[in-house]
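Subject: Structure handover and findings

Hello,

Here is the structure I said I would pass on. Please look at it first, then read the notes below.

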Amino acid sequence: MTNLGEIYAIGTALCWVGTAVMFTAAGERIGSMVVNFLRMVMALAMLLVVNQVTRGMAVPLDATAHAWTWLSVSGLIGFTFGDLCLFRAFLLIGPRLGTLLMSFAPPLTAAIGYAFLGERLGPWQLLGMGLTLAGVVWAVLDRSPTPTTDVTPAQRRQGLVLGFCGALGQAVGLVLSKYGMGDFDALAANVIRVNAGMLGFGLLFFIIGWWPRVREGLRNRRALAFTAGGAFAGPFLGVTLSLLSVQNTEAGVAASIMGTTPVLIIPYAVFVGGERVSLGGILGALVAVGGVALLFLAPS
């Protein structure tokens with residue numbers, strides 16, 4: 001058993017670490033929403049160039065109508081809807097609760113994969129998913145500070161709902177990606193998905209009148225450099241690896257391993273950010289690693 005899907009999922013999680021660091025640095029300068037749109041534009045440009053070189057066509061004109069339809073829908077749900085809900089949730093309830101709510105994504109992905117694709121997980125896979133999720137939650141709870149932003153009870157409820165919707169958007173987007181892609185080339189499929197997400201954000205910015213903010217963001221060269229790094233690590237490489245992952249394993253298993261980013265980012269937080277990690281954070285990370293190891297060893 002080659003475990004290609006699990007290997008690609010670990011690569012995806014590592015890419016999310018890189019894009020989180022770059023995204024934060026750029027977002028502090030020009031705002032997270034503007035960064036997210038610009039990195040989609042940059043990632044699409046990268047994908048078009050690579051597809052032209054590797055496949056002889058920048059735009060995947062050989063994709064079926066089925067692929068174009070479902071990959072576009074997955075891009076709109078995963079990128080536009082999911083990210084929009086998540087960013088708003090972070091503002092309302094803080095990064096700790098927002099990240100914890102995103103931990104619902106793997107079990108939601110497994111449930112939707114079962115209902116929509118008929119994917120069945122064995123008992124050892126379910127145990128591995130459970131351990132991975134428990135470890136991530138433990139590590140996040142232990143190392144993330146309590147948000148200091150004062151919010152009303154109504155705003156808190158809104159933030160919780162939006163955080164859950166962010167996790168749901170990620171789960172639905174991943175399952176629809178697998179359904180729409182099938183055996184089609186992952187890089188070419190990513191062109192369709194990123195293009196849909198970019199157009200979704202572009203339409204949203206038109207509705208809310210945020211294009212002046214985009215023009216202002218384009219003047220900040222340092223922010224653009226960080227955004228380009230995030231575009232490479234995230235929508236370009238990370239999302240492509242995530243598509244390869246769901247092509248080679250169950251969507252719920254892939255989502256569980258991808259969800260270990262809060263654990264994988266701990267070494268960066270310690271050695272670069274100067275954070276202290278308590279015993280609970282270390283034990284949570286070890287539990288998550290054990291869960292991932294079990295997913296590698298569990299029979300499909």
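A salt bridge is counted here when a side-chain nitrogen of Lys or Arg lies within 4 Å of a carboxyl oxygen of Asp or Glu. Before the findings, note that this is a predicted model, in which local features need pLDDT of at least 70, side-chain atom pairs count only at pLDDT 80 or more, and totals for chains, interfaces and linings use all residues. Residues are numbered from 1 along each chain as its sequence is written, and side-chain values use heavy atoms, with hydrogens and water left out.

Salt bridges

The search of the whole structure gives two salt bridges. In one of them, Glu 119 pairs with Lys 178, and the closest N and O atoms are 2.4 Å apart. This pair links distant parts of the chain, 59 residues apart: Glu 119 is in the loop between helix H4 (105-117) and helix H5 (123-143), while Lys 178 is in helix H6. Helices here are DSSP runs (H or I, at least four residues), numbered from the N terminus. Glu 119 counts as buried because its relative accessibility is 14%, and Lys 178 counts as buried at 19%. The cut-offs are under 20% relative accessible area for buried, over 50% for exposed, and partly exposed in between (1.4 Å probe, protein chains only).

Arg 55 forms a salt bridge with Asp 62, where the closest N and O atoms are 2.5 Å apart. Arg 55 is partly exposed at 24%, and Asp 62 is also partly exposed, at 39%.

Helix H6

Helix H6 covers residues 153-181, which is 29 residues. From its first C-alpha to its last, H6 reaches 42 Å, close to the 42 Å expected at 1.5 Å a residue (the expected span is 1.5 Å times one less than the number of residues). Just after H6, Gly 182 has a positive phi of about 60°.

Cysteines

The whole structure has zero disulfides, a disulfide being a pair of cysteine sulfur atoms within 2.5 Å. For Cys 165, the nearest cysteine sulfur is that of Cys 85, 4.9 Å away.

Cys 15 is in helix H1 (residues 4-30) and is buried, with a relative accessible area of 11%. Leaving aside neighbours within four places in sequence, Cys 15 is in contact (heavy atoms within 4.5 Å) with Ala 233, Leu 237, Gly 238 and Leu 241. Cys 15 and Leu 237 are 222 residues apart in sequence, yet 7.2 Å apart in space, C-alpha to C-alpha.

Thr 80

Thr 80 belongs to helix H3 (residues 65-102) and counts as buried at 11% relative accessibility. Not counting residues up to four places away in sequence, Thr 80 touches Gly 75, Ala 196, Gly 197, Gly 200 and Phe 201.

Surface patch

Trp 138, Leu 279, Ile 282, Leu 283 and Leu 286 form a nonpolar patch on the surface, with about 480 Å² of accessible area together. Such a patch joins nonpolar side chains (Val, Leu, Ile, Met, Phe, Trp, Tyr) within 5 Å, from residues with over 30% relative accessible area and no salt bridge. Areas come from the Shrake-Rupley method with a 1.4 Å probe. Helix H13 (residues 279-297) gives the largest share of the patch, four residues. Leu 283 is in helix H13 and counts as partly exposed at 33% relative accessibility.

Regards

Note on methods
Patches are made of residues with over 30% relative accessible area and no salt bridge: like charges are joined within 9 Å, nonpolar side chains (Val, Leu, Ile, Met, Phe, Trp, Tyr) within 5 Å. Helices (H or I, at least four residues) and strands (E, at least two) are DSSP runs, numbered from the N terminus.
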